[in-house]
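Please keep the structure in view while reading.

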Amino acid sequence: MKREHMIGLLAGGSWDLIVIGGGATGLGIAVDAQTRGYRTLLLEQHDFAKGTSSRSTKLVHGGVRYLKQGNVSLVLEALRERGLLCRNAPHLVHDLAFVVPRYKWWEGPFYGVGLKLYDVLAGKLSIAKSRRLNRKQTIERIPNVETRNLIGGAMYHDAQFDDARLAFTLAHTAADHGAVLVNYMPVVGLLKSSGAVSGVQAVDGETGTAYDLHAKVVINATGVFADAVRRFDEGDVEPMVTLSQGVHLVLDRSFQPSDTAIMVPQTDDGRVLFVIPWHERCLIGTTDTPVPRADLEPRPLDEEIEFILRNAARYLSHRPSAKDVLSVFAGLRPLVQPGSGALATKAISREHVVVISPAGLVTIVGGKWTTYRKMAEDTVNDAVAVGGLPEKPCVTEQLRLHGCMARTDPALPTAGHLRMYGSDFAEVEHFLDEDPARRALLHPSLPYLCGQVQWAVRHEMARTLEDVLARRTRSLLLGARAAIEAAPRAAALMAADMGHDQAWVDAQVREFTALAQRYLPPL
Ligand SMILES: Cc1cc2nc3c(=O)[nH]c(=O)nc-3n(C[C@H](O)[C@H](O)[C@H](O)COP(=O)(O)OP(=O)(O)OC[C@H]3O[C@@H](n4cnc5c(N)ncnc54)[C@H](O)[C@@H]3O)c2cc1C
């Protein structure tokens, strides 16, 4: 996939659908629409998954906590989607065991019953049955668990993934089927014809070239920015999105050295907290902090970091402190504002909502990564009606995503991050073998190879150092300091491939370093 090639396809293109926003929601819609046979264009203002979709807890889950709220239909839908995603992208999504440690006698039956219900709801798409653990088994599963007053635990299964990699995989899948997707191309206005939305005004963020692009229907999938795009259409329309920030901390693997996650069922503020092994690190989160405005780089608050450390410490014998934090990142949840009228317009589920404006702008808000496919199906169904397109069936339930390959396939390595390339792995290996320098580690404490930087530039539409270090590789999340140290080398590799000079390298390193400082914990 090359951006230059995509830009070339813009001139003279005519589109059935234009999707604004390249996060989980927009990319899922592009896959759905293009594979139904609609000519689809997706425009992203920054990089794919720059927003919320690279800042999640990285779980493909039914949501045990929704069971506590009695929201069975939502859990059922998410469990079904979990099963489909495990089948359609097994190279990126895998089983993860969770243990809920027990310190009070009544917690046994309480969690046991809830988790059995979770098993039943998963039905044929269940990963593995939940079960009770005694004290010894709990300690084996969570070697760093707080053992004082520990009785045992309850174990259940969900799935885990790499959010930014899945986002790019969706972009690749849509492109494989003929969709056009462009990053660094903000939509700055809407085109109207006889009062109806008929396209978008967009600007190439790299060259400044302005485009008028026409479509039968335009979909607003901009997450926390949805109201800003709605205002292109309806002026001072009532906001429908409300924002909640969630922060995660990344620590050394020694804080959770096994391949099992911990689910803390009740934090100080009554939420759940996860301690999760991820890419040979330990990921802990999250928080739920109302914030007033959307930002592509939300800032973690000191009190959110303290909250996570304090609540995790109650369950860990080796307790983390701020100095142990390798990286801290924040994301914004786009929630549908109660009473905005949006819920009454069309509540498809409690989690996501599709709203159609009088001029025909289709806006989708809410949901979660796990249900992106179903959200896309619902949105495209509505968009087809709005655009007067011929009806065609959704095919994504059965659609294998780009690179689909079982993690246990003998053609893949048995461990390590190169498995994320799935069926592209052989080609990546060949590319790495062509030059021994490509097999050099980018940084001693990061798992990535220099050749992966070049691969990201040549095949994954990476344009900036941040694209490579934050999303094509997850260096920034695995260690902000290490990522800063790796920046000059990665930028030089990119420049050599892209034909940029030293001034570009210096500017990229400067910009990335300023950004990465915000991922360093407060000392
Ligand atoms: C802390 C946290 C943890 C979470 N954990 C999980 C989890 O473990 N599992 C799960 O299933 N879900 C999880 N979620 C939910 C999930 O991450 C979100 O539902 C999902 O990522 C939202 O995707 P989106 O595409 O709607 O939004 P985004 O990813 O924000 O995408 C919107 C995109 O639109 C672009 N855009 C905005 N304006 C314009 C414009 N004018 N022109 C062009 N592009 C524009 C933005 O740059 C952005 O990339 C979590 C969310 C948070 C915040």
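## A buried aspartate

Leaving aside residues up to four places away in sequence, Asp162 touches Leu92, Trp278, His279 and Arg474. The model is a predicted one. Asp162 sits in the loop between β6 (152-161) and α7 (163-176).

Is Asp162 buried or exposed? Its relative accessible area is 5%, and the cut-off for a buried residue is under 20%, so Asp162 counts as buried. Two of the residues that Asp162 touches also meet its side chain through polar contacts. The contact between the side chains of Asp162 and His279 is 2.8 Å, and the contact with the side chain of Arg474 is 2.5 Å.

## Helix α17

Helix α17 covers residues 502-517, which makes 16 residues. From its first C-alpha to its last, α17 reaches 22 Å, close to the 22 Å expected at 1.5 Å a residue.

Which residues of α17 are buried? They are Trp504, Val505, Gln508, Val509, Phe512, Thr513, Leu515 and Ala516. Seen down the helix axis, the buried residues of α17 fall within an arc of 160°, so they line one face of the helix.

The face of α17 turned away from the buried side carries the exposed residues Ala503, Arg510 and Glu511. On the buried side, the cover over the buried residues of α17 includes α14 (465-472), α15 (475-478) and α16 (480-498).

## Around the ligand

There are 35 residues around the ligand, and those that come nearest are Thr25, Glu44, Ser53, Leu59 and Thr370. Elements that each supply at least two residues of this shell are α2 (24-36), β11 (241-252) and β16 (325-336). The largest share, three residues, comes from β16.

Which atoms lie by the oxygen atoms of the ligand? An N or O atom in the side chain of Thr25 is 2.7 Å from an oxygen atom of the ligand. For Gln45, a polar side-chain atom lies 3.0 Å from a ligand oxygen atom. Trp369 takes part through its backbone, with an N or O atom 3.1 Å from an oxygen atom of the ligand. On its own the ligand has 1,000 Å² of accessible area, and the protein covers 95% of that area.

How values were computed
Residues are numbered from 1 along each chain as its sequence is written. This is a predicted model: local features need pLDDT of at least 70, side-chain atom pairs count only at pLDDT 80 or more; totals for chains, interfaces and linings use all residues. Side-chain values use heavy atoms; hydrogens and water are left out. Helices (H or I, at least four residues) and strands (E, at least two) are DSSP runs, numbered from the N terminus. Buried means under 20% relative accessible area, exposed over 50%, partly exposed in between (1.4 Å probe, protein chains only). A polar contact is a pair of N or O atoms within 3.5 Å; within protein, one must be able to donate a hydrogen and the other to accept it, and residues adjacent in sequence count only if both atoms are side-chain atoms. Contact means heavy atoms within 4.5 Å. The expected span of a helix is 1.5 Å times one less than its number of residues. The arc is that of the directions from the helix axis to the C-beta atoms. A residue is near a molecule or strand if one of its heavy atoms lies within 4 Å of it. Accessible areas come from the Shrake-Rupley method with a 1.4 Å probe; for residues, only the protein chains shown count as cover.
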